[in-house]
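Student: I would like to learn how to read helix packing and charged pairs in a model. Could you take me through one?

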Amino acid sequence: MDGTAIIEQLLTSEGRADPYPLYARAHELGTAASAGPDTFLALGHGTAGKVLRTAGFGVATAEMQSGLAPEFAEHSSLALFGGSMLERNAPDHARVRSLIASVFTARRVAALRPAVEAAVAGLLDEMAEAGSDGSAVDFMDTFAFRLPVGVICELLGVPEQDRYRFRALAGDLTVALELVQDLAELGAADAAADELSGYFTELAAHRLAHPQDDLVTDLARIAVADPGRLSARELLANLVLLLVAGFETTTNLLGNGLALLFRHPDVTAALRTGTLDPAGFTEEVLRYDSPVQLTTRIALTEGLAVDDLPAPPGSMVLVLLGAANRDPARYHRPEVFDPSRTGSQPLSFGAGPHYCLGSQLARLEAEVAVPALLDRFPRLAPAGVPTRRDRLVLRGYETLPVAVR
C-alpha cells in the first residue's frame, strides 16, 4: 500500500474502527510518505514532532480554506473553529493563546487537584447508586464526560445546570474537525456551532453585567476594552473551543484507559496495589490508543521538507499522531500495551506552538480518577458491548457499560 491507499483505507468505517493495522503498514513506507499531489504523511515519531515544531508549517486558516473552497464560509462550524486559536497562525495565535495560558500553568493546574478529587468522589457515589440494583452503568455518560466537563466549566464559569447539554453538542460540532469529504455532512455541526455561539454570547453579556472570578468574565472584559487584543468573533470562538477541547480529549482518554484495563487485568492489579504509577499508565494510554489520532499542517514558506520529501508552499502534511506513537524506530514492540515504559513522550497533545494548553489538566484528571475508580469498585467489570464513535481524528467510545457491583 502507498500513502494514498493508506489514507483511503483510514477514511473507511473499518479503518476508523481500528487504524492500527494500517499504521503498521504505513511504517513500512518509512517515516514519511507521499499521499498524492502536494500531500504528505508524517509517520515517524521524530518526523511528526519536527513538522509540528517547525514554524514554516502552520495550520490551514479560515482564509486559506475559503480560498480553496468558497462554500467553506457557508458553514458556521468551520467558521467558528476558524476564529479560534486552533486555526490561527502567528502572530494571531500567540496573541490569543497568551490571554488564556495563565489559567493552565503548572501551578494553577496542581492547585486544582483537591477540586478534581472531590469531583471524582461525587461522581463515584453517583455511579454506585446508579448500579446498586445490578444494572449496567454507562461509564462514558456518567463519569468520563461529567468529570472533565465539570472541571472546565468551573474554570470558564458555566453554570452547573447547563452542562448536561454539552456532550451531544460537542459530538455534533467536532465532526468539523474530521477529514470531511463532503461539506454537506456538516448540517448537525453547523447547528451545534450556532447553538453554542448563542449560548456563550448570552453568558458573556451576563458576566459583563454580573462579573465573577472566571475565564468568561476575564475574556469578555478584554474583548470589550481592547478588541485589538481579542475581537468579539475570537471571544466566542475560543470560549467554544475551550469548552469542547476541555473535555473531549479527557473523556476519550478515560474511556480508552478503562477499556484497556478490562483487557489487561495485570495492569489493573498493579494499579490497585500501588506498584504501578498512575502517571505511567496515563502516558501509555495516550501512546497506545491516543484520543487524538491526526492533525494537519500546511507548508507556509519555501524550502520545507517532510524528511527528504520537498514540501512546496501550500502543500498539506497529515501528521498521523496515532502512527507516530507506535513508531517501531522509537518504541520497542509498539503494539504492546506496557505502562512500565519510560520516556515515551507521546505526541497525543501535539507539539510546538499548538501544543495543547490543557494537557497537564487532562493528565491530572486521569491520574486522580483511575486509581479512585478501581479503589471504589473492586469488582468493576464490563457489562455489555461498548460502542466506538465512528471517528478518525478524535478516537473514543460512545458507550462503555460497566457493572459496579
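**Helix packing and charged pairs**

Tutor: This is a predicted model. Start with two helices in contact: helix 17 (residues 278–288) and helix 19 (residues 359–376) pack at an angle of about 115 degrees, and their axes are 9 Å apart. The crossing of helix 17 with helix 19 is right-handed.

Student: Which residues in helix 17 and helix 19 meet?

Tutor: Helix 17 brings Pro278, Ala279, Phe281, Thr282, Glu283 and Leu286. From helix 19 come Arg363, Ala366, Glu367, Val370 and Pro371. Sorted by class, the contact has 7 nonpolar, 1 polar and 3 charged residues.

Student: How many salt bridges are in the whole structure?

Tutor: A salt bridge needs a Lys or Arg side-chain nitrogen within 4 Å of an Asp or Glu carboxyl oxygen. The whole structure has 19. One of them joins Asp125 and Arg376, with the closest N and O atoms 2.7 Å apart. Asp125 is in helix 9 (residues 113–130) and Arg376 in helix 19, 251 residues apart.

Student: What does Arg97 have around it?

Tutor: Arg97 sits in helix 7 (residues 92–101). Arg97 is buried but has no salt bridge, and the nearest side chain of opposite charge, Glu87, is 14 Å away. Beyond its neighbours within four places in sequence, Arg97 contacts Met85, Pro353, His354, Tyr355 and Leu357.

Definitions and conventions. Residues are numbered from 1 along each chain as its sequence is written. This is a predicted model: local features need pLDDT of at least 70, side-chain atom pairs count only at pLDDT 80 or more; totals for chains, interfaces and linings use all residues. Side-chain values use heavy atoms; hydrogens and water are left out. Helices (H or I, at least four residues) and strands (E, at least two) are DSSP runs, numbered from the N terminus. Buried means under 20% relative accessible area, exposed over 50%, partly exposed in between (1.4 Å probe, protein chains only). Lys and Arg count as positive and Asp and Glu as negative; His and the chain ends are not counted. Contact means heavy atoms within 4.5 Å. Axes are lines fitted to C-alpha atoms, for helices over the stretch in contact, and angles run from 0 to 180 degrees between N-to-C directions. A crossing is left-handed if the near helix is turned anticlockwise from the far one by less than a right angle, and right-handed if clockwise. Ala, Val, Leu, Ile, Met, Phe, Trp, Tyr, Cys and Pro count as nonpolar, Asp, Glu, Lys and Arg as charged, and the others, Gly among them, as polar.
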